Amino acid sequence: MGDIEAPENNRPRQTIVRSLLPSKEFITSRKGLLLLGEVVMSFISFVCFAASTAAAFVTAPFIEFLAALFLLFAYSTKFNERFKGFHWPLMDFLRCVSASIIFFIISMISVSKYLDGASKAAGVFGFITTIFFALDFYFIFNELANFLKGGDSSEEPPNTQDDDSDSDSD
């Protein structure tokens, strides 16, 4: 009776940590890979801009890093399915469009105006990050267009013209 057994505390900690990590299925999907690339490249751009003389541009990569990290967490834990009031793909599309434009502009300025190596590296990584965001908004745009059309684009539209109908093309 006086012996107190140590409870298994490792099990709840492991489940808490695993619930915070993205699922393997999501990370291996196209959206997961793009979001992971956005997070990594935004962070690398942030570090390069922080170390360069173009430190005035450090805010944009940091905000985009946080936004991409939040969406990676939201999509991987299915957090977005709990809030039906937001149209998540549209919000993600606007984030990607604005991020790709901003990263392109600050990368152009960083490469052309500043002479130090860290600014050039920040510009190069900014261009790579622009590609990630542009790919993401391209795929989101295609998904939104298919959604607005009301179906999958791989299906052929039904033929509305009959074979024996009169046509004026003779």
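Guide: The expected span of a helix is taken as 1.5 Å times one less than its number of residues, and the helices themselves (H or I, at least four residues), like strands (E, at least two), are DSSP runs numbered from the N terminus. The model is a predicted one, in which local features need pLDDT of at least 70 and side-chain atom pairs count only at pLDDT 80 or more, while totals for chains, interfaces and linings use all residues. Residues are numbered from 1 along each chain as its sequence is written, and side-chain values use heavy atoms, with hydrogens and water left out.

With 26 residues, helix 5 reaches 37 Å from its first C-alpha to its last, close to the 38 Å expected at 1.5 Å a residue. As for its setting, the protein chain has six helices and zero strands, which gives the order α-α-α-α-α-α from the N terminus on. Of the 170 residues of the chain, 28% count as buried, where buried means under 20% relative accessible area, exposed means over 50%, and partly exposed lies in between (1.4 Å probe, protein chains only).

Within helix 5 the buried residues are Trp88, Asp92, Phe93, Arg95, Cys96, Ala99, Ser100, Phe103, Ile106, Ser107 and Ser110, and these pack against helix 3, helix 4 and helix 6. Here and below, contact means heavy atoms within 4.5 Å. Not counting residues up to four places away in sequence, Ser110 touches Phe49, Ala54, Ser119, Ala122 and Gly123.

Two packed helices are described by the angle between their axes and the distance between the axes. The axes are lines fitted to C-alpha atoms, for helices over the stretch in contact, and the angles run from 0 to 180 degrees between N-to-C directions. The crossing of helix 5 and helix 6 is left-handed; the word applies if the near helix is turned anticlockwise from the far one by less than a right angle, and right-handed applies if it is turned clockwise. The residues of this contact divide into 19 nonpolar, eight polar and four charged, with Ala, Val, Leu, Ile, Met, Phe, Trp, Tyr, Cys and Pro counting as nonpolar, Asp, Glu, Lys and Arg as charged, and the others, Gly among them, as polar.

Helix 3 is a further partner of helix 5, and the axes of the two come within 13 Å and cross at roughly 35°, again with a left-handed crossing. From helix 3 the contact takes Lys31, Leu35, Glu38, Ser42, Ser45 and Phe49, and from helix 5 it takes Asp92, Arg95, Cys96, Phe103, Ile106 and Ser110. By class, this contact has five nonpolar, three polar and four charged residues. Helix 3 (residues 30-51) has 22 residues and reaches 32 Å from its first C-alpha to its last, close to the 32 Å expected at 1.5 Å a residue. Its buried residues include Leu35, Glu38, Ser42, Ser45 and Phe49, and what covers the buried residues of helix 3 includes helix 2 (24-27), helix 4, helix 5 and helix 6.

Helix 4 leads towards helix 5 in the chain, with Lys78 found in the loop between the two. Helix 4 has 18 residues and reaches 26 Å from its first C-alpha to its last, close to the 26 Å expected at 1.5 Å a residue. What covers its buried residues includes helix 2, helix 3, helix 5 and helix 6. Just after helix 4, Lys78 takes a positive phi of about 60°, and this lysine is partly exposed, with a relative accessible area of 48%. Lys78 and Phe26 are 52 residues apart in sequence, yet 9.9 Å apart in space, C-alpha to C-alpha.
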